[in-house]
Amino acid sequence: DKAGINAALRGIDLILAADMNVRVVILPEGEDPDSYVKSNGLSGFETYVSENEEDFIFFKISLLSDLAKDDPIKKAGIIKEIVQSLSKIPDPIKRALYIQRSSKLLDIEERFIVNESNKIKREELNKYQSQQEKNERIDSKSSESDVKLKTKPLELHWDQPLEFLERDII
């Protein structure tokens, strides 16, 4: 349903940052997994899923592109949202392949997506470096006799982006 789709879209960046390969299936109107299995059996459900599953990013592109239609302002916003998601993919090879395919689906030159993705990555790195500098200043001001709570400097693990996000949120 619409609420489920919106929830899935909100969580896509966290899923991609965790380097998970997620597929999406839209069930027929009024159905949820439980009701579908009850009416069609487990094998019917498994068949439906295998025939209708779609890659999460391409699902998002398809869904958002339908909303934009021929409005260039809406399309630009959608492209930025897709690039934001693509930039969360930690594996550079996967990211490059998704960028290639996305550029075709969005009908935009690949270099624009690459440039925007790199810009987002640079902003994340700058944010991380600023946080590290801030933590170093805090550490240098506090002494061992201080009872104040010190913040531990963030450690960036590009292979563990979920941990980075969690630390950033904390």
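Is Ser87 buried or exposed? Ser87 is buried, because its relative accessible area is 0% and buried means under 20%. The model discussed here is predicted.

**Around the loop**

Ser87 sits in the loop that links H4 and H5. Leaving aside residues up to four places away in sequence, Ser87 touches Arg95, Ser117, Ile120 and Lys121. Arg95 also takes part in the contact of H5 with H4.

**The two helices**

Two packed helices are described by the angle between their axes and the distance between the axes. Here is the pair on either side of the loop.

| Helix | Residues | Residues in the contact |
|---|---|---|
| H4 | residues 72–86 | Lys75, Ile79, Ile82, Leu86 |
| H5 | residues 92–106 | Arg95, Tyr98, Ile99, Ser102, Leu106 |

The contact residues divide into six nonpolar, one polar and two charged. The axes of H4 and H5 come within 11 Å. They cross at roughly 165°. Angles over 145 degrees count as roughly antiparallel, so H4 and H5 are roughly antiparallel to each other. The crossing of H4 and H5 is right-handed.

**Aromatic rings**

The count of aromatic pairs comes to three. One of them joins Tyr36 and Tyr48. What are the distance centre to centre and the angle between the planes for Tyr36 and Tyr48? The values are 5.1 Å and 45°. This pair is tilted. Tyr36 and Tyr48 are both buried. Together with Phe45, Tyr36 and Tyr48 form one aromatic cluster.

Definitions and conventions. Residues numbered from 1 in each chain as written. Predicted model: local features only at pLDDT ≥ 70, side-chain atom pairs only at ≥ 80, totals over all residues. Heavy atoms only, no water. Axes fitted to C-alpha atoms, helices over the stretch in contact; angles between N-to-C directions. Helix = DSSP H or I, 4+ residues; strand = E, 2+ residues; numbered from the N terminus. Parallel < 35°, antiparallel > 145°, perpendicular 65-115°, else oblique. Left-handed = near helix turned anticlockwise from the far one by under 90°. Contact = heavy atoms within 4.5 Å. Nonpolar A, V, L, I, M, F, W, Y, C, P; charged D, E, K, R; others polar. Buried < 20%, exposed > 50% of the residue type's maximum accessible area, 1.4 Å probe, protein only. Phe/Tyr/Trp six-rings, centres within 6.5 Å; stacked < 30°, edge-to-face > 60°.
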